[in-house]
Amino acid sequence: MNLISAFCLIATATSLAHASEEIKVDDGVLVLTKANFKEAVTDNEFLLVEFYAPWCGHCKALAPEFAKAAKTLAEQESTIKLAKVDATEETELAEEHQVRGYPTLKFFRNGIPMDYNGGRQADDIVSWLSKKTGPPAKELKTVEEAKEFIDASNVAVIGFFKDQTSDKAKAFLAVAANNDDQPFGVTSDDSVFKEHEAECGSIVLFKKFDEGKVLFDGEATEQNIKKFVAGNSLPLIVEFNHETAQKIFGGDIKSHLLLFLNKGEDHFEKVAEAARAVAKPFKEQVLFVTIDAGEEDHQRILEFFGMKKEEVPAARLIKLEEDMAKYKPESNDLTSESIKTFVEDFLAGKLKQHLLSQDLPDDWDKEAVKVLVASNFDSVVFDADKDVLVEFYAPWCGHCKQLVPIYDKVGEHFKENKNVVIAKIDATANELEHTKITSFPTLKLYPKGDNNVIEYNGPRTFEGLTKFIESGGVDGAGVEEPVEEETEDDDSPRKDEL
């Protein structure tokens, strides 16, 4: 073998050793690893990548929808590709792309990543990708194109405009550009106008449920059109499940009537029909949702509302915009009239928040650490003659459990001091109108004769806590060292699980 042949052989071997790994395809979805990830991102202008864990329930639920979306895009001869990465195996890739939970979806456009924030159903995925890779509204030039467009999705919105530079058309297209959940179409074709009995300037939402289609009849502003689409894109009564959770809690309508029912029992259809009969006038303001209280996965939701199974059927209203404010009807008699009155009173601001409270134990002040509930909180804590330290805890919180022996020791230390009270309250079972707690444990000092509440941010040690109290809240109010906290989302119902 001469020198040139040997050099060529070495070069070929080196090239093969550094070649990208062949990309496998599983049910229409590209299977990516560290060896072929860069090639896939480089070779595909549009690529949606799912980082998943094999054991993750949400990932398992997404898998068939992801494959269905890939199939739909292939049938449309789209250049958009879908891919997946096992983040538990490809840990370097997961870390590089800041994967902190499963599934995490990233959309790559010409190699530049962005977070995917669309729905988890196949139609939602295709719609979101179409919006990100094309015009905000698809041009519909024939009756056949319009029919295919409407038939392809559960919900489709079409603007009928001869002049797309008109103010109404501009507002419509602006909403379309910022809506990732529903497909938008636009047409100026006379035959499409005639087929759907639409006038110039009409905006029509087509859907495969309830009344079939709805005509927009308000003032044509972006806000009004957006509200119209949001209010009509879900059924009048939405059944809560894994598929609808994100649409319910991630949507624009933040006030929800939750009907807790037992599916299969006589009251289910009766109450659902009663709610459906009055839901239409409220559809752009309040979302009506049924929750199967008998479903094991939904038990944490009942706990979140402080409800027991025996209370079902029952209703609650929740306002997500204001600290998850909850409201309870005066009666559990769920008729059309009572449901209508409940919602009307809520919208009129006539209802008072429903705050959870435990019963006050007879021996609440027996131990060195006093037990507080909602009913005795103010009388104990706002005593002008005492310094009161309160721990707001959650029963499931690991950090709270670690703090117990230290906090009990602090209580014993001040037990004989008539001017100091050490107390605790289960903040998951007792809600206070004036105090909202989002992380656990939270420690607050209520100084005597003073309305200024001081939060403790020092080390969770006996020395740190006693110094905090004895200094009147001076030592420990500033952050002395990083302190881990557990938020309500760590082990309580998240919005997408409610």
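Buried means under 20% relative accessible area, exposed over 50%, and partly exposed in between (1.4 Å probe, protein chains only). This is a predicted model, where local features need pLDDT of at least 70, side-chain atom pairs count only at pLDDT 80 or more, and totals for chains, interfaces and linings use all residues. Residues are numbered from 1 along each chain as its sequence is written, and side-chain values use heavy atoms, without hydrogens and water.

**View A. The whole chain, to get your bearings.**
Before zooming in, here is the setting. The C-alpha trace spans about 85 × 85 × 45 Å along its principal axes. Of the 498 residues, 45% count as buried. The chain has 16 helices and 23 strands, taken as DSSP runs (helices H or I, at least four residues; strands E, at least two) and numbered from the N terminus. Among contacts (heavy atoms within 4.5 Å) with a separation of 6 or more, 69% join residues 24 or more positions apart.

**View B. Phe-46 and Phe-107, a stacked pair.**
Rings of Phe, Tyr and Trp (its six-membered ring) pair if their centres lie within 6.5 Å; planes under 30 degrees apart are stacked, over 60 edge-to-face, and the rest tilted. By this rule the chain holds 21 aromatic pairs. In the pair shown here, the ring centres of Phe-46 and Phe-107 are 6.4 Å apart and the planes meet at 10°, so the pair counts as stacked. Phe-46 belongs to strand S3 (residues 46-52) and Phe-107 to strand S5 (residues 104-109), so that 61 residues separate the two partners and distant parts of the chain are linked.

**View C. Phe-282 and Phe-288, another stacked pair.**
Here the ring centres lie 6.3 Å apart with planes at 15°, so Phe-282 and Phe-288 are stacked. Phe-282 and Phe-288 are both buried.

**View D. Lysines over phenylalanine rings.**
A charge sits over a ring if NZ of Lys or CZ of Arg is within 6 Å of the ring centre and within 35 degrees of the ring normal. Lys-409 places its charged end over the ring of Phe-462, 4.6 Å from the centre. Lys-162 lies over the face of Phe-193, with 5.2 Å to the ring centre.

**View E. Lys-207, a buried lysine.**
For a contrast in setting, look at Lys-207 in strand S10 (residues 202-207). Lys-207 has a relative accessible area of 7% and is therefore buried. Beyond its neighbours within four places in sequence, Lys-207 touches Asn-154, Val-155, Gly-212, Val-214 and Asn-232.

**View F. Helix H9 and its packing partners.**
Helix H9 (residues 222-232) has these buried residues: Ile-225, Phe-228, Val-229, Ala-230, Gly-231 and Asn-232. They pack against strand S8 (155-160), helix H7 (167-178), strand S9 (184-187), S10 and strand S11 (213-215). Helix H7 includes Ala-176, a buried residue with a relative accessible area of 0%. C-alpha to C-alpha, Ala-176 and Val-229 are 9.9 Å apart in space and 53 residues apart in sequence. Setting aside neighbours within four places in sequence, Ala-176 is in contact with Lys-131, Pro-136 and Phe-184.

**View G. The loop between H4 and S5.**
Most residues other than glycine have a negative phi, and most peptide bonds are trans. Tyr-102 and Pro-103 are joined by a cis peptide bond, with omega about -15°; Pro-103 lies in the loop between helix H4 (91-96) and S5. Gln-98 is also placed in the loop between H4 and S5. Its phi is near 55°, positive although Gln-98 is not glycine, and Gln-98 is exposed, with a relative accessible area of 56%.

**View H. Backbone features in other loops.**
Asn-110 sits in the loop between S5 and strand S6 (112-115), and its phi is near 55°, again a positive value in a residue other than glycine. Asn-110 is exposed at a relative accessible area of 53%. Further along, a cis peptide bond with omega about -15° joins Phe-440 and Pro-441. Pro-441 is found in the loop between strand S20 (439-440) and strand S21 (442-446).
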